[in-house]
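Here are my notes on the model you sent over, written as numbered points. Keep the structure open beside them and look up each residue as you read.

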Amino acid sequence: MHAFWTFILTCILAAGLSTSCYAAANERDLNEDKEQAPKTDGTWQLVEAELGGQKLPEEITKSITLTLKGDQYTVVTGEGKDEGTVRASKDKKPEEIDVIGKKGPNKGKTFLAIRELDGDTLRICYDLSGKERPKEFKTKAGTQQFLAVYRKQKP
């Protein structure tokens, strides 16, 4: 069972962060990101996760980290690594992101998501089906919605 949850979580995180978490950002937004490091840059520890209305076990969540630098992301789990890019539409509340997988289990996939930063807590809600961007930070039974809560690690 542990391997199953780790695999699912790896796919979710990689897909959610790399493929379609960021909505298409215009060129001006991309240039602004290059001029100033985003507040999300750094390494984040997954502290809580929910998929389709069910909470994931702590033994799985505590083994996963997310590193963000500019528009690049890396998710590391006990099972491997997923890498890709994140595009953000900063004029929306909550912020809309598309996560695009470049290497790993989510290569070639795009995930639609929303995110919210509050101090050292980052919440991201993904639609792993890639069909529709979540509208709130909740998941429902029978869906492929994934909610991840991260805490920023101290440098």
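**Notes on the model**

1. Let's begin inside the protein: Phe-146 has a relative accessible area of 0%, so Phe-146 is buried. Here buried means under 20% relative accessible area, exposed means over 50%, and partly exposed is in between, using a 1.4 Å probe and protein chains only. Tyr-126 counts as buried too, because its relative accessibility is 0%.

2. Before going on, please keep in mind that this is a predicted model, in which local features need pLDDT of at least 70 and side-chain atom pairs count only at pLDDT 80 or more, while totals for chains, interfaces and linings use all residues. Residues are numbered from 1 along each chain as its sequence is written, and side-chain values use heavy atoms, leaving out hydrogens and water.

3. How is the pair of Tyr-126 and Phe-146 arranged? Their ring centres are 5.8 Å apart and their planes meet at 25°, so the pair is stacked. For the rings of Phe, Tyr and Trp (its six-membered ring), a pair needs centres within 6.5 Å; planes under 30 degrees apart count as stacked, over 60 as edge-to-face and the rest as tilted. Tyr-126 sits in strand β8 and Phe-146 in strand β9, 20 residues apart, and the pair links distant parts of the chain. A search of the whole structure finds one aromatic pair.

4. Both residues return in the largest nonpolar core, which has 24 residues: Leu-66, Ile-124, Tyr-126, Phe-146 and Tyr-150 touch the most other members. Such a core is a set of buried Ala, Val, Leu, Ile, Met, Phe, Trp, Tyr and Cys residues joined through side-chain atoms within 4.5 Å. The largest share, four residues, comes from β1. In soluble globular proteins, nonpolar side chains tend to be buried together.

5. Now for the overall fold: the protein has three helices and nine strands. Helices (H or I, at least four residues) and strands (E, at least two) are DSSP runs, numbered from the N terminus. Of the 155 residues of the protein, 48% count as buried.

6. Beyond its neighbours within four places in sequence, Thr-121 is in contact (heavy atoms within 4.5 Å) with Trp-44, Glu-116, Val-149, Tyr-150 and Arg-151. From Thr-121 to Lys-152 the C-alpha to C-alpha distance is 6.5 Å, although they are 31 residues apart in sequence.

7. Two local details deserve a look. The peptide bond from Lys-93 to Pro-94 is cis, with omega near -5°, and Pro-94 lies in the loop between β5 (80–89) and β6 (95–103). Elsewhere, the charged end of Arg-123 sits over the ring of Phe-137, 4.2 Å from its centre; this label needs NZ of Lys or CZ of Arg within 6 Å of the ring centre and within 35 degrees of the ring normal.

8. Finally, where should you read with care? The mean pLDDT, the predictor's confidence in each residue from 0 to 100, is 82 for the protein, and 76% of its residues reach 70 or more. Over residues 1–7 the pLDDT is below 50, and over residues 14–35 it stays under 50. Where pLDDT is low, the predicted coordinates should not be read in detail.
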